[in-house]
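Trainee: I'd like to learn how to read a structure like this one. Could you walk me through it feature by feature?

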Amino acid sequence: EEAEKAPALLCRVDPVKYLSDVQRPPRKPTSGPRFSSKPVGLTRGIAKQPSRDGQSLALKQDLEEKLFGQHLATEVILKALTGFKNNKNPKKPLTLSLHGWAGTGKNFVSQIVAENLHPKGLKSNFVHLFVSTLHFPHEQHIKLYQDQLQRWIRGNVSACAGSVFIFDEMDKLHPGVIDAIKPFLDYYEQIDGVSYRKAIFIFLSNAGGDLITKTALDFWRAGRKREDIQLKDLEAVLSVGVFNNKHSGLWHSGLIDRNLIDYFIPFLPLEYRHVKMCVQAEMKARGSAVDEDVVTRVAEEMTFFPKDEKIYSDKGCKTVQSRLDFY
């Protein structure tokens, strides 16, 4: 089988030693991107890639057309990724921390980012997904996980400078595990002959969802539009809140202490109108005509909070697909 071809601007794949069992994450996901027994396939040439401007326009279009109710995430992610890709000599890897309740679009955005960076998206050999409860489940094995994580990242960045590493369920990660990758996120030109400056690290977490909701609710109660919420209204609160949250995966983490996370990106709770947009998009994705009666019925089946105002969907758009199956 022909190996995946690496984007010329992101990956230069050289022969590297296969990782041993101890260097691999302890278990493989049952679906989605797999942790292969070898870090990456070897390229047999370089695929022709879209221009940087073309990639940025594609990312902008995907975010604006597919992500609903997240003006901050759309703006910051587009700015961060475009700037990073246009920088021929970044001083450190790009590190993004995405925060918000379940169903607000964090995983969806990581999928969009992966697809815009590597043609195969989450199935690419150059995109690596770690799920805390699956790959790092046991607190007594933290040291083992740290060693495995360092070896996995070192091996794959050696093979592909533009590797993408996504850490899901950060709020369920045992404190200390993620600090193992701190040297790779810092401003070092090289570590043991390997440069990590073109890699991208993305953290996904429910931690801070309460702080984000409080800010959104304060704006709503003051009669202000959610689109008026700016990053400065949330980013500092988020970083401090996550740093002091024992269940954030970043509790007292050196990643925050050393300012190695470039952006804390808030995902706002979704309103009724956003849920309807999710239903419409899912119907279109299934090749069905949009039936507004069905859209309304699915949206009205969702539960909303706070108890009195009922503004925000408590599951975001997370259950839209399964609910739509009944129609």
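Trainee: Let's start with charges. Which residue forms a salt bridge with Arg273?

Mentor: Before the case, keep in mind that this is a predicted model. The general idea is that side chains of opposite charge can pair when their charged atoms come close. Here the partner of Arg273 is Glu271, with the closest N and O atoms 2.9 Å apart.

Trainee: Are Glu271 and Arg273 buried or exposed, or something in between?

Mentor: Buried means under 20% relative accessible area, and exposed means over 50%. Glu271 has a relative accessible area of 15%, so it counts as buried. Arg273 has 42%, so it is partly exposed.

Trainee: Which residues are linked with Glu271 and Arg273 in a network of salt bridges?

Mentor: Arg226 and Glu227 are linked with them in that network. As for the total, a search of the whole structure finds 15 salt bridges.

Trainee: How do I read a salt bridge inside a helix, say the one between Asp62 and Lys66?

Mentor: Look at the spacing in sequence as well as the distance. Asp62 and Lys66 are 4 residues apart in helix α1 (residues 52–66), so about one helical turn separates them. Their closest N and O atoms are 3.4 Å apart. Asp62 is buried, with a relative accessible area of 17%, whereas Lys66 is partly exposed at 40%.

Trainee: And which residue forms a salt bridge with Asp293?

Mentor: That's Arg297, with the closest N and O atoms 3.3 Å apart. Both residues lie in helix α11 (residues 292–301), 4 residues apart, about one turn of the helix. Asp293 is partly exposed at 45% relative accessibility, and Arg297 is partly exposed at 39%.

Trainee: On to the rings. How many aromatic pairs does the structure hold?

Mentor: It holds 8 aromatic pairs. To read one, check the distance between ring centres and the angle between planes; planes under 30 degrees apart count as stacked. Phe130 and Phe167 are a stacked pair, at 4.9 Å centre to centre with 10° between the planes.

Trainee: Where do Phe130 and Phe167 lie?

Mentor: Phe130 is in strand β2 (residues 127–131) and Phe167 is in strand β3 (residues 164–168), so the pair ties together parts that are 37 residues apart in sequence. Phe130 and Phe167 are both buried.

Trainee: What about Tyr272 and Phe304: how are their rings arranged?

Mentor: Their centres are 6.1 Å apart and their planes are at 55°, so this pair is tilted. Tyr272 lies in helix α10 (residues 272–285) and Phe304 in strand β6 (residues 304–305), so the pair ties together parts 32 residues apart in sequence. Tyr272 is partly exposed, with a relative accessible area of 30%, while Phe304 counts as buried at 16%.

Trainee: Where is Gly103 found, and what does Gly103 touch?

Mentor: Gly103 is in the loop between β1 (94–99) and α3 (106–117). Leaving out residues up to four places away in sequence, Gly103 touches Leu270, Lys315, Gly316, Cys317 and Lys318.

Trainee: And Lys106: buried or exposed?

Mentor: Lys106 has 5% relative accessibility, so it counts as buried. Lys106 sits in helix α3. Again leaving out residues up to four places away in sequence, the residues it touches include Leu98, His99, Leu204, Ser205, Asn206 and Phe267.

Trainee: Finally, how do I read the chain as a whole? How many helices and strands are there?

Mentor: The protein chain has 12 helices and 7 strands. Buried residues make up 50% of its 327 residues. Among contacts with a separation of 6 or more, 76% join residues 24 or more positions apart. The chain exposes about 16,000 Å², and carbon and sulfur atoms supply 49% of that.

Definitions and conventions
Residues numbered from 1 in each chain as written. Predicted model: local features only at pLDDT ≥ 70, side-chain atom pairs only at ≥ 80, totals over all residues. Heavy atoms only, no water. Helix = DSSP H or I, 4+ residues; strand = E, 2+ residues; numbered from the N terminus. Contact = heavy atoms within 4.5 Å. Buried < 20%, exposed > 50% of the residue type's maximum accessible area, 1.4 Å probe, protein only. Areas by Shrake-Rupley, 256 points an atom, 1.4 Å probe, with all protein chains shown as cover. Phe/Tyr/Trp six-rings, centres within 6.5 Å; stacked < 30°, edge-to-face > 60°. Salt bridge = Lys/Arg side-chain N within 4 Å of Asp/Glu carboxyl O.
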